[in-house]
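Please read them beside the sequence and the coordinates.

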Amino acid sequence: MIGCDIIEVKRVKKLKVPNRVFTLSELEYANKFSNPYVHLAGFFALKEAIIKAMDVPLNISQIEILHDSKGAPIANILVDLKGKYDIQCSISNLDELAMAVAFVQKIE
Ligand SMILES: CC(C)(COP(=O)(O)OP(=O)(O)OC[C@H]1O[C@@H](n2cnc3c(N)ncnc32)[C@H](O)[C@@H]1OP(=O)(O)O)[C@@H](O)C(=O)NCCC(=O)NCCS
């Protein structure tokens with residue numbers, strides 16, 4: 001299935017407990033940039049996109065976004081899913097908005 005999501009960066013700025021939504025690794029990655037919220041918004045959008053594309057229920061704190069050696073996003077599911085999933089994903093962000101798309105296939 002495919003999922004997509006778009007979010008305003010200002011919504012992520014208003015989060016009261018960001019460490020419930022973002023992992024340490026995500027916060028460390030975002031903090032390397034002049035406006036970390038833009039990157040966190042991209043992660044938020046991608047997590048929502050993955051949730052939409054999954055055939056089992058997940059919540060936002062059960063997904064971590066990492067990056068490969070080229071900088072492309074990779075989804076790491078933090079809970080044991082019954083089965084193996086291939087998750088392809090993409091993020092794009094602007095100063096005010098971030099969006100993401102996920103394509104999820106159950107492979108086993
Ligand atoms: C990667 C690239 C296309 C990003 O485009 P951009 O318009 O500057 O930025 P966008 O807001 O659309 O996208 C940013 C997001 O792209 C993703 N990204 C970064 N490098 C990527 C890559 N190599 N492949 C796929 N996605 C990538 C990241 O998720 C990034 O957001 P994050 O760092 O907060 O996670 C651009 O930096 C580029 O042209 N890089 C050089 C060529 C390249 O690596 N191409 C990738 C295909 S080989």
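Are Glu-26 and Lys-47 buried or exposed? Both Glu-26 and Lys-47 are buried (buried means under 20% relative accessible area, exposed over 50%, partly exposed in between, with a 1.4 Å probe and protein chains only).

1. This is a predicted model, in which local features need pLDDT of at least 70 and side-chain atom pairs count only at pLDDT 80 or more, while totals for chains, interfaces and linings use all residues. Residues are numbered from 1 along each chain as its sequence is written, and side-chain values use heavy atoms, leaving out hydrogens and water.

2. The protein has four helices and five strands, in the order β-α-α-α-α-β-β-β-β from the N terminus. Helices (H or I, at least four residues) and strands (E, at least two) are DSSP runs, numbered from the N terminus.

3. Three salt bridges are present (a side-chain nitrogen of Lys or Arg within 4 Å of a carboxyl oxygen of Asp or Glu). One of them joins Glu-26 and Lys-47 at 2.9 Å, N to O. Glu-26 lies in helix α3 (residues 24-30) and Lys-47 in helix α4, so the pair ties together parts 21 residues apart in sequence.

4. Asp-5 and Lys-52 form another salt bridge, at 3.3 Å, N to O. Asp-5 belongs to strand β1 (residues 2-8) and Lys-52 to helix α4 (residues 36-53), so this pair links parts 47 residues apart in sequence. Asp-5 is buried at 15% relative accessible area, whereas Lys-52 is partly exposed at 43%.

5. Glu-8 and Lys-10 meet at 3.8 Å, N to O. Glu-8 is partly exposed at 40% relative accessibility, and Lys-10 is partly exposed at 47%.
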